Amino acid sequence: MMEKKPDIERLVAEGAKTVSLPIADEYRAGVILNIERTLAIVRPLLDLELDDALTPAPVFRP
Amino acid sequence: MTDALSKLATAGDIARAVSTGKAKASAVIEAALSRIQAAEPTVNAFTDIVAERARKRAAEIDAGRHRGALMGVPFAVKNLFDIEGLPTRAGSKINVDGPRATRDSALVRKLEAAGAVLVGGLNMGEYAYDFTGENSHYGPSRNPRDPAHMTGGSSGGSGAAVAAGEVPLSLGSDTNGSIRVPSSLCGVFGLKPTYGRLSRAGTYPFVDSLDHLGPIARSTEDLALSYDAMQGADTDDPACIDRAIDPTMPRLGEGIAGLRIAIAGGYFAKGAEPEAFGSVAAVAKALDATKTVVLPQAEAARAAAYVITAIEGSQLHLPRLRTRPQDFDPDTRERFMAGALLPGAWYVKAQRLRRQYHAAVLALFEEVDVVLAPATPCTAPRLGQKMMKLDGVELPVRANLGLFTQPISFIGLPVVVVPLQCPRGLPIGVQLIARPFNEQAVLRVAAHLERTGITSAPPA
């Protein structure tokens, strides 16, 4: 089954309401563009399968 | 030894001259202030100059106070470092309305305790969410090699001030590459130490999980001198590690004997312009490095660093995005707003990958000591340029200049960027990467490359 393209415009409208972030009309296209760019960049992370036992380091130590 | 009053003098040159009485700190500072005045109309690296403070401090040094390894060395800091009496801009207009700093940041205090003299605060991309060095409030910092081009960011002023010879030493911050990108594009030396090695106390944060501080300079020796002066635990920064100081200066001249050096393949060997790979090949040849290693899942690591940055940075600024969106730089505002809307599940997955990737990369460092990788995918783009073509693919400049630096800072590895100058073109840098807390190794390799003439500070 083909993955359905996310409705970013709606995500921005509803998400902004959820986090109480007013987004003026003149900023809306830029926000949508940035989410689209983010989606393209994060795809390799989203496509990964991680073992359930893999938890984040409680305190990150390099 | 270069004349201590010259723009080509390194911090080491100046400290040796002042400590032996061959030059006065006051004269060194006056020379630096004159150079700043002359260069600023073109370079725009500084947002604040603290001339009277610097003159007072220099006079105290000449009177026999404040001895140390950086005696009389003028330095400047990215304007997210607290400077007593000034607002901590962090590249923003909004922060200027906030309180003035009541105390210098921890690293400014440490450098001054070693005899260095602060001369000012430096331009940067707003709130450090930037790889370009552009800023709509204060104007862009401009690349001294060609002012029509970017410095890189977000520590753009820190790279430009050193490349222009205004000061021999600056401090920057690096969350995803903000020391390494301007070091590469301006053609200077940069050190991003191990995460947690240097105190971030008294600096304006961006992404706590990934924020690092470090020096930019005209020589490897200056990186080592300043790094050694800044090491040490600090309970004022919860991420700062309580670990014994490991001075790098005593072993800086040891050369590369015994160091296993490899070239990063896979992700780091594609998606860039030929000059990025050419610079890595030149450094590898000079080091006789032929082995290639692959950092597993580097592309996903870059994606995870991107997500953590977007979500943590946006969360930090959400109150101001609600109340003062018009006062943000247009180039950061909508990026921050977008980050505030990303799913929390992505963030947690990114942090889980961080642990897995960290373990895998540390295993790789059982086989090698230093890994070479491009610092930037290209030389400095033109100011105002929004898109660039990398290996035939059109990509946004602002989000992608750090695509080779992000997977490294994601797990806090120490990196030195060494610059390769191009007589008829713009410089570009190479990352020397080591396992955590092995700054020693990358500084030794950088010093070796400098001695052999492969890497050098910009010409006059």
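1. Two residues count as in contact here if their C-beta atoms, placed from the backbone, lie within 7 Å. On that basis, in this predicted model, the A–B contact draws 29 residues from chain A and 38 residues from chain B.

2. On the chain A side, helix H1 (8-18) and helix H2 (25-46) each put in at least two of the residues that touch chain B. H2(A) is the top contributor to that side, with eleven residues. Sorted by class, the side of chain A that touches chain B comes out as 22 nonpolar, six polar and one charged.

3. Chain B has a mean pLDDT of 97, with 100% of its residues at 70 or more. Within chain B, the lowest confidence is in helix H12 (residues 397-400), at a mean of 90, while strand E2 (residues 74-78) has the highest, at 99.

4. Now a look at helix H14 (residues 439-451) of chain B.

5. Is H14(B) largely enclosed or largely open? Eleven of its 13 residues are buried, so H14(B) is largely enclosed by the rest of the structure. Among those buried are Glu439(B), Arg444(B) and His448(B), along with Val442(B), Leu443(B) and Leu449(B).

6. One backbone detail to check by eye: after H14(B) comes Gly453(B), with a positive phi near 85 degrees.

Notes:
Residues numbered from 1 in each chain as written. Chains lettered and ligands numbered in written order. Predicted model: local features only at pLDDT ≥ 70, side-chain atom pairs only at ≥ 80, totals over all residues. pLDDT = per-residue confidence, 0-100. Helix = DSSP H or I, 4+ residues; strand = E, 2+ residues; numbered from the N terminus. Buried ≥ 20, exposed ≤ 12 C-beta atoms within 10 Å, placed from the backbone. Nonpolar A, V, L, I, M, F, W, Y, C, P; charged D, E, K, R; others polar.
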